[in-house]
Amino acid sequence: MLTRLARFGQHRSSTVSPVLEPLLRTVRGTHPKADLSVVERAYERAERAHDGQRRKSGDPYITHPVAVATILAELGMTPPTLAAALLHDTVEDTDYSLAALRQEFGDEIALLVDGVTKLDKVTYGDAAQAETVRKMVVAMAKDIRVLVIKLADRLHNARTWRYVSAASAERKARETLEIYAPLAHRLGMNTIKWELEDLSFATVYPKRFDEIVRLVAERAPAREDYLTGVREQIEEDLKAARVRAAVSGRPKHYYSIYQKMIVRGRDFAEIYDLVGVRVLVDSVRDCYAVLGALHARWNPVPGRFKDYIAMPKFNMYQSLHTTVIGPEGKPVEIQIRTHLMHRRAEYGVAAHWKYKDDPNSTGDQQNAWLKQVVDWQQENKDPSDFLDNLRFDLTASEVFVFTPKGDVQALPAGSTPVDFAYAVHTEVGHRTMGARVNGRLVPLESTLDNGDLVEIFTSKADGAGPSRDWLTFVKSPRARNKIKQFFSKERREEAIDNGKDAIAKAMRKQHLPLQRLLSHESLVGVARELRYADVSSLYAAVGESHVSAQHVVERLVVAVGGEVGAEEDIAEATTPGQPRRGPRSADAGVVVNGSDDVWVKLARCCTPVPQDPIVGFVTRGAGVSVHREDCENVARLRAEPERIVDVAWAAVASRLFLVQIQVEALDRARLLSDVTRVLSDNHVNILSATVSTSRDRVAVSKFSFEMAEPNHLGHVLSAVRRVDGVFDAYRVMASRSRD
């Protein structure tokens, strides 16, 4: 009977649309005996339902569900899942009802389509994201194929983001990095995860992506030559040890390189030049035989060996990891695993369907996968806590410790007894007062190692709670979130007082007028702008370090700017050591229409230079202030049109103009010295420079310098952009944002 059905499916496929044929060919490659009739019927129904609809790219809409089904077929999913993928948009985007679908295709396919449809209807946003992820995992717990289809849907959409607006693509890409890629990692579907990450990286941070692509291309030939030598040596050693193995280089993914630069705090060269090799063998016994042969050839790096075969990762990933000192003294990262382990590492949960005929792949293993996912969802009752855990760097190493009852608890590497306590229960964490590890009393900030037996002592006193100091050493998102929640709830008034003091201190430090800036109206406006419910919430956020006092002060200055007081004091202020009054019209290189003898100063909020469109503003007692027309302060200044005057650049100007530029680059050693050397080579006299490095390894440098010929600026910026690692350099403009 099965044979006849298979023949029937193959017979029908010869008459179907050429659009469907590649999909059917892929399914036959993974499931030769499968009945393909349900796939063909689903395609025919979807094609009729989507008739006349088109994608943003202009292609017929049916190409999208076919592409999604093809991605799933490559993962090895079976015909019912592929049929659901072909139909996944029909209920939402056409007049084809779920009831009709259930009657035509049965309960199984209808359940999958309904699950994907419900996920599509969720509106994403800051407030809804946490609950959105929970709904995803609930749907996944009912049938994990719902999420697998959704991941394939997101992947094909990501491949076509170039056809949608930049704002929409960026929003979807950020959503993918925060939610979908980590979920793919949770399911062990690394092929999906890596492509989602690289596509999202290129969309959200295009300049950083292009710079890493350029750096990879420059170093690829030398790295490949070295890798070839290492691979040949490994193959020779394994042949001598009579171990049959496939040795290959591990691909480098752009987003992975960037993340390692952030997490490890290293330069690009240190990350990319670290050669990665993968060895695939037939059995677990061969894995350890390969490890012995390689350690006999090269010295292993202490602390860099991980046995994920004996203790698999949370997503059932298995492999041996070791780093050795290879030829020329360079470190070489090596992964050793069986072919079956490799398939699971690539396809994750989908490997069960693709290789279910494999004698080593059992239903019990698949149940273990589902149990891992369901337990993960049940352990995170609070949606925001759940999302924090999801966003945590899942590629970080783990440490496995034991409870007094012998249960295994997985924690992020570097975790402490406090992290362990919060992993057990929130109240256990709050009431922790001491810990014993392997029978010995230890400080709470002690780092836990694999195999440690941990026992927590708790306080029974009323009002017991965590210490703020714990935030300085806890590693897990769960522990950090629970501690912050405790202080947000129990010590709100203290946080409000601290926030008030911090803002006032920041203002006094800058000699700003407190009474003018700290009016109720301006504070309410800033609170709303920063999305806080009221002024008290704003103060509390500052006191709890959720937002910096300096940032609040900056927003307050902008809020009251343009009128008589703070805006003129700040925007028009001269640099220390210069007189308060500015130069006359001729000295500034600016002509004020209708008046030759008037004091003129170039506003330091936008630093205009010749050829910039400019506007003049009569200040009170300080002459005319000249702004660029697109300066963010000009809109407020125009509220008093009687003080606006026409100004123009003088035909001949013999003075130096202040120019400010910003340089953005991937952080590395000697970056600042290289940039300043280029500026010096271009005869730029730097007056001031500030450098800051963000947590995502982006160095932002701001330089102020004087320039007599503004046309020379373009040449200077071009020279700076050629510095290794620099992905953007531009003149500081009003209201300009960069990626």
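**A sheet and its helices**

A: Strand 17 (residues 657-666) and strand 19 (residues 698-707) pair in the antiparallel sense over 10 bridges, where strands are DSSP runs (E, at least two residues) numbered from the N terminus and pairing needs at least two DSSP bridges. This is a predicted model, in which local features need pLDDT of at least 70, side-chain atom pairs count only at pLDDT 80 or more, and totals for chains, interfaces and linings use all residues. Residues are numbered from 1 along each chain as its sequence is written, and side-chain values use heavy atoms, with hydrogens and water left out.

Q: Which residue in strand 19 does Val 663 stand opposite?
A: Val 663 faces Ser 701 there.

Q: What is the strand order in the open sheet?
A: The order of the four strands is 18-19-17-20, with antiparallel pairing. Strand 18 (685-693) and strand 20 (726-731) each have a single partner strand, so one side of each is left without a neighbour in the sheet.

Q: Which helix lies across strand 17, strand 19 and strand 20?
A: That is helix 13 (residues 206-240), running at about 135° to strand 20; helices are DSSP runs of H or I with at least four residues, and angles run from 0 to 180 degrees between N-to-C directions of lines fitted to C-alpha atoms, for helices over the stretch in contact (heavy atoms within 4.5 Å).

Q: Switching topic, how many disulfides are there?
A: The search of the whole structure finds zero, a disulfide being a pair of cysteine sulfur atoms within 2.5 Å.

Q: Is Cys 287 buried or exposed?
A: Cys 287 counts as buried because its relative accessibility is 0%, the cut-offs being under 20% relative accessible area for buried, over 50% for exposed and partly exposed in between, with a 1.4 Å probe and protein chains only.
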